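Please look through the structure shown here, together with its sequence.

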Amino acid sequence: MRTSTRIASVLTGLTLALGGASFLAPAAHADVTACINQVERELHGGEAPDSVRMACYVGLTGDNAQCVSGLTAGGVTNGTAVSACKVAPE
C-alpha cells in the first residue's frame, strides 16, 4: 500500500471516529439537562446546586434509585425527583 493511500485511510478513520463521538455527546448532555431543568422548575427558576447535577448524572448512568435518593437528599420533593430521574437516561 502506498504511503499516501495509507495516510488518507488513517485520516478517514479518525474523521469517522471523531464524528461518531460528536453525535453521541450532545445526546448525553441533553438527558442530564432535562433532569436538571425538571428540578429547576420546582425551584421556580433557581439554579440547581451541584448535588442536583451530580444526582442527575448518576441517573444518566441508569441508577434510578441513587438518582432519586440524591435529589431528595438535596431538598427536592419525591415526585419531582422520580420524574426527573426518569428523563435522565432517555
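Of the chain's 90 residues, 22% count as buried, where buried means a relative accessible area under 20%, exposed means over 50%, and partly exposed lies in between, with a 1.4 Å probe and protein chains only. The model is a predicted one, in which local features need pLDDT of at least 70 and side-chain atom pairs count only at pLDDT 80 or more, while totals for chains, interfaces and linings use all residues. Residues are numbered from 1 along each chain as its sequence is written, and side-chain values use heavy atoms, with hydrogens and water left out.

The accessible surface of the chain is about 5,800 Å², an area that comes from the Shrake-Rupley method with a 1.4 Å probe, and for residues only the protein chains shown count as cover. Carbon and sulfur atoms hold 64% of that surface.

The chain contains four helices and zero strands. Helices (H or I, at least four residues) and strands (E, at least two) are DSSP runs, numbered from the N terminus. Along the sequence the pattern reads α-α-α-α. Among contacts in the chain with a separation of 6 or more, 50% are between residues 24 or more positions apart; contact means heavy atoms within 4.5 Å.

Helix α1 covers residues 3-42, and A34 is found in this helix. A34 is partly exposed, at a relative accessible area of 30%. The C-alpha atom of A34 is separated by 7.4 Å from that of A84, although the two residues are 50 residues apart along the chain.

Next come helices α2 and α3. Helix α2 spans residues 50-60 and helix α3 spans residues 64-73; they pack at an angle of about 170°, and their axes are 7 Å apart. Axes are lines fitted to C-alpha atoms, for helices over the stretch in contact, and angles run from 0 to 180 degrees between N-to-C directions. The angle makes α2 roughly antiparallel to α3; angles over 145 degrees count as roughly antiparallel, under 35 as roughly parallel, 65 to 115 as roughly perpendicular and the rest as oblique. On the α2 side the contact involves V52, A55, C56, V58 and G59, and on the α3 side Q66, C67, G70 and L71. These residues divide into six nonpolar, three polar and no charged. Ala, Val, Leu, Ile, Met, Phe, Trp, Tyr, Cys and Pro count as nonpolar, Asp, Glu, Lys and Arg as charged, and the others, Gly among them, as polar.

Which residues of α2 are buried? They are V52, A55, C56 and G59. Seen down the axis of α2, these buried residues fall within an arc of 100°, so they line one face of the helix. The arc is that of the directions from the helix axis to the C-beta atoms. An α-helix has 3.6 residues a turn, so residues three or four places apart point the same way. On the other side of α2, D50 and M54 are exposed.

G59 has 2% relative accessibility and counts as buried. Leaving aside residues up to four places away in sequence, G59 touches C67, A88 and P89. The C-alpha atoms of Y57 and I36 are separated by 9.3 Å. After α2 comes G62, whose phi is positive, near 100°.

In α3 the buried residues are C67, V68 and L71. Viewed down the axis of α3, they fall within an arc of 95°, so they line one face of the helix. A65 and A73 are exposed on the other side of α3. Q66, which lies in α3, counts as partly exposed at 46% relative accessibility. Its C-alpha atom is separated by 7.3 Å from that of A55, 11 residues apart along the chain. G75 follows α3 and has a positive phi, near 95°.

Helix α4 runs over residues 78-87, and its buried residues are T80, A81, A84 and C85. Seen down the axis of α4, they fall within an arc of 125°, so they line one face of the helix. The face of α4 turned away from this buried side carries the exposed residues G79 and K86.
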